[in-house]
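Take a moment to look over the sequence and the 3D structure. Then follow the chain part by part with the text below.

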Amino acid sequence: MHAKPPEKKWKAGVLGATGVVGQRLVQMLGNHPWFDLTEVAASERSSGRTYAEAVRWHLDAPIPDAARGLVVKGLDLSLDCDFVFSALDSSVAGTAEEDFARAGYPVVSNSRNHRMDPDVPLLIPEVNAAHLDAIPLQQKNRGYDTGFIVTNPNCSTAGLVLVLKPLVDAFGLEKIFVVTLQAISGAGYPGVASLDIQGNVVPFISGEEEKMEAEPQKLLGKWDGSRFVDAGIGLSAHCNRVPVIDGHLECVSIGLKKIASLDEVREALRNFEVDADLASLPTALRNPIVVLDEENRPQPRRDVNAGNGMAAVVGRVRECPLLDVKLTLLSHNLVRGAAGAALLNAELLAVRGFLKHRRAPSESRLAEPVSR
Ligand code: NAP
């Protein structure tokens with residue numbers, strides 16, 4: 001059962017709409033019960049053309065009709081929308097997201113630039129919805145009025161932390177050792193050259209291990225009313241790029257604070273259920289972790305679309321001779337790790353009253369020039 005549709009839908013813009021993440025967002029917004037896509041923006045290479053002309057569309061589903069004819073704009077601070085998703089390249093996302101927030105737009109970002117800022121929520125609704133309490137302080141600190149920035153984690157962190165959440169709640173976490181096998185779509189388009197990745201594994205992804213070792217601390221930590229307090233978990237990550245299109249697989253060894261049997265760990269994962277309010281968001285799953293019993297699962301080709309790409313799929317829960325328990329998990333890097341994560345964040349912001357209906361730019365102060 002989904003929450004009641006709002007009386008008036010919110011108008012959404014997508015910054016970076018032509019990229020790999022942006023087009024997933026455009027596709028997922030095509031038939032969204034709460035949000036209408038009204039603006040698409042990208043670089044000068046794309047602006048001025050219709051979305052259908054500008055985008056190199058990678059998805060099997062066709063470009064939604066509502067998006068095809070939209071004219072791609074630049075990073076224009078008078079977009080006709082109530083909030084923006086940002087799927088901008090990180091070389092421009094930092095300043096652009098601040099500019100939009102200062103101009104009054106809630107910014108729901110995929111980019112890494114503001115994730116670790118001390119007043120910006122790094123959000124997974126099923127894990128740390130209470131971190132939204134940081135928004136008023138962010139607005140005060142930065143002199144934002146109705147605007148603010150909320151981010152979702154890096155694509156490999158998203159699946160990992162979702163799976164760790166019921167374990168930290170039930171048993172506490174001491175140490176995590178994780179090795180990733182990450183899909184090429186995680187590198188955007190054109191991403192990794194085919195000559196580098198075909199029949200190969202690349203044991204380095206720039207900045208990825210640092211993100212995986214830092215972001216879970218914030219996500220599983222607490223907002224204490226004035227700052228984020230880290231979870232204080234020992235964490236080591238090895239990140240590898242493998243020739244898979246979509247879906248990051250992760251081999252994880254876990255040290256628990258409290259002794260638990262393998263059955264108790266499996267049950268904690270299998271029984272992880274979000275509350276009814278959260279489950280009623282259009283993109284949410286009641287049970288976002290799927291546990292498989294087959295010894296050779298999860299596999300990217302077979303399992304990546306579980307729960308419409310929003311589930312974390314876990315298998316091979318077994319004893320670890322070094323730590324306590326080990327398992328394999330899979331999550332869709334472009335859905336749970338990017339576009340779907342941002343959409344779910346926006347839905348949570350909507351029900352928590354953080355999204356307002358803005359006047360069209362022609363009738364508001366946004367028509368006036370805004371200094372950058
Ligand atoms: P991408 O395919 O390279 O797309 C980048 C987007 O940014 C394109 O729309 C591009 O527009 C736009 N852009 C680049 N330079 C610009 C500029 N100077 N001004 C305005 N727009 C500009 O990258 P992606 O994989 O979609 O990633 C987007 C963001 O999400 C990145 O920050 C990335 O780190 C993050 N992220 C990605 C994933 C993933 O799995 N791929 C997961 C989580 C987070 P043009 O087409 O006009 O060049």
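Predicted model: local features only at pLDDT ≥ 70, side-chain atom pairs only at ≥ 80, totals over all residues.

Begin with the overall layout. The chain is divided into two domains. Domain 1 is made of residues 10-153 together with residues 337-351. Domain 2 covers residues 155-333.

Now look at where the domains touch. On one side, 37 residues of domain 1 take part, and they are in contact with 32 residues of domain 2. How much area do domain 1 and domain 2 bury between them? The value is about 2,800 Å². Carbon and sulfur atoms account for 70% of that area. Three residues of domain 1 lose the most area to domain 2: E126, V127 and H131. Together they make up 22% of what the domain 1 side buries.

Charged and polar groups also meet across this interface. The rule finds two salt bridges between domain 1 and domain 2. It also finds nine residue pairs in polar contact across the interface. Which elements give two or more residues to the side of domain 1 that touches domain 2? They are α1 (20-29), α5 (125-128) and α13 (335-351). Of these, α13 gives the most, with nine residues. Sort this side of domain 1 by class, and you get 22 nonpolar, six polar and nine charged residues.

Next, turn to the ligand. Zoom in on the backbone here. V20 has a backbone N or O atom 3.0 Å from an oxygen atom of the ligand.

Salt bridges are the next stop. How many does the structure hold? There are 17. One of them pairs D80 with K11, and their closest N and O atoms are 2.9 Å apart. Trace the chain between these two residues. D80 sits in the loop between α3 (65-68) and β3 (83-86), while K11 is in strand β1 (residues 10-15), so the pair ties together parts that are 69 residues apart in sequence. Another salt bridge joins R115 and E215. Here the closest N and O atoms are 3.0 Å apart.

Start with the peptide bonds. The bond that joins Y189 and P190 is cis, with omega about 0 degrees. P190 is in the loop between β6 (173-182) and α8 (194-197). A cis peptide bond also runs from R297 to P298, where omega is near 10 degrees. Look for P298 in the loop between β11 (289-291) and α12 (300-303).

One more backbone angle deserves a look. Is phi of N308 positive or negative? It is positive, near 55 degrees, and N308 is a residue other than glycine. You will find N308 in the loop between α12 and β12 (312-319).

Note on methods:
Residues numbered from 1 in each chain as written. Heavy atoms only, no water. Domains from an automatic or database assignment. Contact = heavy atoms within 4.5 Å. Buried area = accessible area lost by both parts, 1.4 Å probe. Salt bridge = Lys/Arg side-chain N within 4 Å of Asp/Glu carboxyl O. Polar contact = N/O pair within 3.5 Å; in protein donor to acceptor, adjacent residues only side chain to side chain. Helix = DSSP H or I, 4+ residues; strand = E, 2+ residues; numbered from the N terminus. Nonpolar A, V, L, I, M, F, W, Y, C, P; charged D, E, K, R; others polar.
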